Amino acid sequence: MDVSDLIEKDILGYLKAHQNKGLLRFVTCGSVDDGKSTLIGRLLYDSKMIFEDQLAALESDSKKVGTQGGDIDFALLVDGLAAEREQGITIDVAYRFFSTDKRKFIVADTPGHEQYTRNMITGASTADLAVILMDARKGVLVQTRRHSFLVSLIGIKHVVLAINKMDLVGHSEETFNKIVADYRTFAKQIGFENILAIPISGLKGDNIKDPSTSTPWYKGPTLMNHLETVQVEDNAQSGPFRMWTQWVNRPDLDFRGFAGQISSGIIRTGDRIRALPSGKDSKVTRIVTKDGDLSEAVAGQSVTITLKDEIDISRGDLIAGVDSLPGVADQFNATLVWMSETPLLPGRPYWLKLGSRVISASVTDIKHKIHVNTLEQLAAKTLELNEIGSVNLGIDQAIPFDAYTENKDTGGFILIDRMTNTTVAAGMINFALRRSQNIHWQAVDVDKTARASAKRQKPALLWFTGLSGSGKSTIANLVEKQLFALGRHTYMLDGDNVRHGLNRDLGFTDTDRVENIRRVAEVSKLMVDAGLIVLTSFISPFKAERQMARGLMAEGEFLEVFIKTSLAEAERRDPKGLYKRARASQIQNFTGITSAYEEPETAEIVIDTSKLSAEEAATHIIKQMQDRGLLTP
Amino acid sequence: MPTLNNLQRLEAESIHIMREVVAECENPVFLYSVGKDSAVMLHLAMKAFYPSKPPFPLLHVDTTWKFKEMISFRDKMVKDLGLELRVHINQDGVAQGVGPFTHGSALHTDIMKTQGLKQALDKWNFDAAFGGARRDEEKSRAKERIFSFRSAQHRWDPKQQRPELWQLYNTKKHKGESIRAFPLSNWTELDIWQYIYLENIPIVPLYFAAKRPVVERDGTLIMVDDDRMPLKPGEKPMMKSVRFRTLGCYPLTGAIESEAATLPDIIQEMLLTKSSERQGRVIDHDSTASMEKKKQEGYF
């Protein structure tokens with residue numbers, strides 16, 4: 001019986017049959033003129049997802065702005081936003097829906113334009129299958145390679161090669177075979193095994209829904225037929241049990257449940273689990289849902305579990321089956337796809353979100369970047385928008401993980417800029433660095449408190465920041481003198497004693513500035529640990545690095561001292577003649593002129609040099625230290 | 001190995017999204033529009049936090065022109081489920097006597113719905129709001145993220161959206177910014193109806209066909225829900241068997257003639273119909289790309 005007959009005659013039978021319909025998510029990738037939007041429009045049309053009012057609108061739009069000479073332009077169905085309709089290009093990821101008798105489909109429609117690697121990775125991250133489109137007239141292009149590489153990077157195992165516009169090459173079998181052979185040679189390099197090539201025409205509908213009479217030599221399934229039946233056996237189902245704790249459910253004192261969506265494996269009541277990173281074990285007592293308790297739950301389900309023992313588990317902890325445990329580490333090698341206009345700065349702390357855990361992380365080393373067209377490995381000091389690199393990451397605490405190839409939920413992460421809050425990168429964990437498993441902090445008996453009390457002082461870090469010529473070093477010197485006079489043990493770090501030694505390998509690019517400050521902050525930390533009062537005097541123009549320095553210190557130990565001077569005044573003073581040279585373009589990346597200074601918003605001490613002399617400023621700072629209890633022995 | 005079917009996957013994903021919002025936002029709110037999508041979302045919220053109650057209030061922005069049955073249904077649901085409801089009406093609009101008949105659909109929607117929503121979010125300092133929008137509803141929705149950010153002025157910038165990878169949602173925001181979270185993003189109209197049917201979810205009776213008094217306006221059947229409906233001289237409402245595919249302000253919501261009085265009937269009718277869901281909404285027809293424009297201005 002035809003579907004519409006079934007719907008008409010036996011709606012209950014239809015509903016029953018559709019209750020267990022599966023879901024397939026796929027991504028389409030192709031270059032600008034490969035006919036991607038047309039193909040998706042055609043799939044919607046062929047699966048009867050277009051209503052009469054939409055069809056009427058489509059017909060009138062086709063006449064107005066269509067590119068098919070008055071014929072229906074299927075691409076118009078999917079090119080959504082007003083701006084891009086005018087430009088005629090898709091500028092973002094869009095999700096489309098259609099369903100047939102067998103499956104529901106969610107299509108991530110991603111643009112093929114050169115600079116949009118970011119969108120493709122985003123669209124592909126939730127897909128089970130990829131349809132890679134090629135123009136039969138053009139064959140394997142640089143873009144085809146790039147799309148394929150990205151698809152393999154994100155871990156999609158099922159690939160359909162849709163050789164489009166077959167009508168424009170006379171439905172030639174020879175052309176088709178040559179393209180497929182070319183592609184297979186390349187596909188071996190990136191480890192694609194399961195490739196199905198289909199000769200199609202999105203415009204004419206060849207081999208989309210029904211087998212085309214124009215390609216009698218093609219014996220394989222139509223595109224729709226393949227999408228409906230392909231088995232995308234889910235790794236997640238057979239893997240070891242993993243569930244991130246999303247939320248702790250405590251309606252009353254008698255119930256404590258851990259809510260999450262199961263990433264992989266199966267959980268049954270009575271199973272032994274381990275909470276990570278704490279490493280505490282317990283047994284599952286109940287799997288709670290509003291529809292009643294379950295005896296088992298599988299990957300993909302959102303559940304709430306209760307445990308036999310009262311162990312401490314909170315959001316961000318991973319619950320794992322004890323039979324196969326994830327790793328726990330604080331240093332990783334990972335592949336990063338950079339998604340921001342602002343390039344990666346090694347050493348800068350970013351937020352890293354893995355599962356439900358958000359932690360501070362920074363890139364410690366860029367091993368290489370990967371040229372997306374040639375797969376060549378190139379040396380790199382940074383990653384720019386749409387660049388892909390292999391990097392080492394350091395994080396501020398050990399976290400549980402699996403390799404991305406094993407589990408996307410416990411190996412895939414995003415990086416977030418701490419100032420702008422934007423998502424700047426997608427990352428995939430490859431492996432933990434062995435050294436992170438070997439380094440254990442030595443617990444020593446002589447600690448910071450002991451060292452400091454031997455000096456009869458409280459250690460602290462006074463972080464002076466401000467424009468070049470603002471008077472940072474002058475004031476810091478005066479403060480140090482006063483502290484010395486008070487019998488305190490101090491040390492001052494500034495450009496003169498650091499740039500010539502420890503940091504002589506660094507220049508003044510943004511990347512080097514970040515590294516400069518990172519080293520200064522780490523050295524300061526060691527000195528504070530030694531019990532000293534440390535004064536640093538660096539322009540330190542970026543909030544993120546000052547924040548990082550603050551994060552290294554204990555509560556109350558860090559005092560940010562903002563020496564506030566207007567650019568005009570600093571430039572007027574120009575004690576070293578640097579502004580003059582910067583204005584004459586003799587110095588690159590000069591803060592205030594060609595490089596930004598991000599003013600502190602929450603500095604502990606602000607010195608306005610238009611109101612206070614250097615001596616008054618120093619006295620004010622000492623007074624502030626006293627008020628904060630830093631100078632009482 | 002058992003695998004989840006379409007509706008099970010959608011349900012699990014929606015629950016995941018709701019828990020993520022609750023875990024990472026300070027003061028979330030559930031925008032309850034009383035329609036079928038809201039009904040499904042509410043059902044999912046009850047599941048997501050069980051045995052706790054959903055840890056957020058419901059907010060209804062009442063334009064004062066909603067169907068009477070929507071309001072009584074709303075109050076009954078809130079009472080039955082034991083939830084907290086906050087109702088906001090734009091009092092400036094009421095003082096100016098704004099309504100669809102006197103001010104037109106565009107102005108009425110802007111003042112009573114869009115501005116009303118902004119007022120309510122500001123009044124209670126909500127930093128995240130759940131909405132029942134779906135990507136299949138309309139072309140500009142197809143590109144919306146599941147977590148969509150609004151500026152302090154509640155504006156949406158389609159070019160500044162964050163990439164959403166896997167199931168990792170970046171919820172970091174600046175002071176004043178807020179999030180619209182759409183747990184039903186990946187549901188289609190058919191999914192919604194199938195789920196309502198399978199889970200036996202209560203919905204406003206207006207979705208089912210019944211004899212109702214209607215008048216015809218520009219080819220659309222409008223139900224005469226109260227005596228504010230201006231009738232032409234000599235005009236009398238006709239009693240017709242009608243139902244609604246979407247619900248909103250009664251003067252702006254077209255009825256369809258139908259005999260579908262049960263859920264299977266409705267689903268059957270929907271599958272055999274030739275027009276899309278939003279066609280009954282008068283506001284979408286104002287201009288091309290109108291939804292996108294409204295969204296940039298702060299419409300949900």
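Let me start with a lysine: K123(B) lies over the face of W124(B), at 4.3 Å from the ring centre. A charge counts as over a ring here if NZ of Lys or CZ of Arg is within 6 Å of the ring centre and within 35 degrees of the ring normal. In chain A, the charged end of R348(A) sits over the ring of F542(A), 5.3 Å from its centre.

Some housekeeping. This is a predicted model, in which local features need pLDDT of at least 70 and side-chain atom pairs count only at pLDDT 80 or more, while totals for chains, interfaces and linings use all residues. Residues are numbered from 1 along each chain as its sequence is written, chains are lettered from A and ligands numbered from 1 in the order in which they are written, and side-chain values use heavy atoms, with hydrogens and water left out.

Now the aromatics. Over all chains, the structure holds 25 aromatic pairs. Rings of Phe, Tyr and Trp (its six-membered ring) pair if their centres lie within 6.5 Å; planes under 30 degrees apart count as stacked, over 60 as edge-to-face and the rest as tilted. Take F30(B) and F56(B): the ring centres are 6.2 Å apart and the planes are at 15°, so this pair is stacked. F30(B) lies in strand β1 (residues 28–31) of chain B, and F56(B) in the loop between α2 (36–48) and β2 (58–61) of chain B, so the pair ties together parts 26 residues apart in sequence. Helices (H or I, at least four residues) and strands (E, at least two) are DSSP runs, numbered from the N terminus. Both phenylalanines, F30(B) and F56(B), are buried; buried means under 20% relative accessible area, exposed over 50%, partly exposed in between, with a 1.4 Å probe and protein chains only.

Of its 300 residues, 61% are buried. D127(B) is in the loop between α5 (100–123) and β4 (128–130) of chain B, and is buried, with a relative accessible area of 11%. A polar atom of the D127(B) side chain lies 2.9 Å from the backbone nitrogen of E26(B). A polar contact is a pair of N or O atoms within 3.5 Å; within protein, one must be able to donate a hydrogen and the other to accept it, and residues adjacent in sequence count only if both atoms are side-chain atoms.

The peptide bond from Y50(B) to P51(B) is cis, with omega near 5°, and P51(B) lies in the loop between α2 and β2 of chain B. V34(B) has phi near 75°, a positive value in a residue other than glycine. For context, most residues other than glycine have a negative phi, and most peptide bonds are trans.

On to chain A, and a strand in the interior. How many residues of strand β3 (residues 103–109) of chain A are buried? Seven of the seven, so the strand is largely enclosed by the rest of the structure. R103(A), F105(A), V107(A) and D109(A) point one way from β3(A), and K104(A), I106(A) and A108(A) the other way. Strand β1 (residues 22–29) of chain A is joined to β3(A) by seven bridges and runs parallel; two strands pair if DSSP finds at least two bridges between them. Strand β2 (residues 94–99) of chain A is joined to β3(A) by six bridges, antiparallel, and these two form a hairpin with three residues between them.

Further along chain A there is an open sheet of five strands, in the order β24-β25-β23-β26-β27, with parallel pairing. Its edge strands are β24 (490–494) and β27 (605–608) of chain A, each pairing on one side only. Helix α21 (residues 614–627) of chain A packs on the sheet, touching β23 (460–465), β25 (533–537), β26 and β27 of chain A, and its direction makes about 165° with that of β27(A). Contact means heavy atoms within 4.5 Å; axes are lines fitted to C-alpha atoms, for helices over the stretch in contact, and angles run from 0 to 180 degrees between N-to-C directions.

Last, S470(A), in the loop between β23 and α15 (472–485) of chain A. S470(A) is buried, with a relative accessible area of 1%, and its side chain reaches the backbone oxygen of L467(A) at 2.8 Å. Leaving aside residues up to four places away in sequence, S470(A) touches I563(A), T565(A), R573(A) and T609(A).
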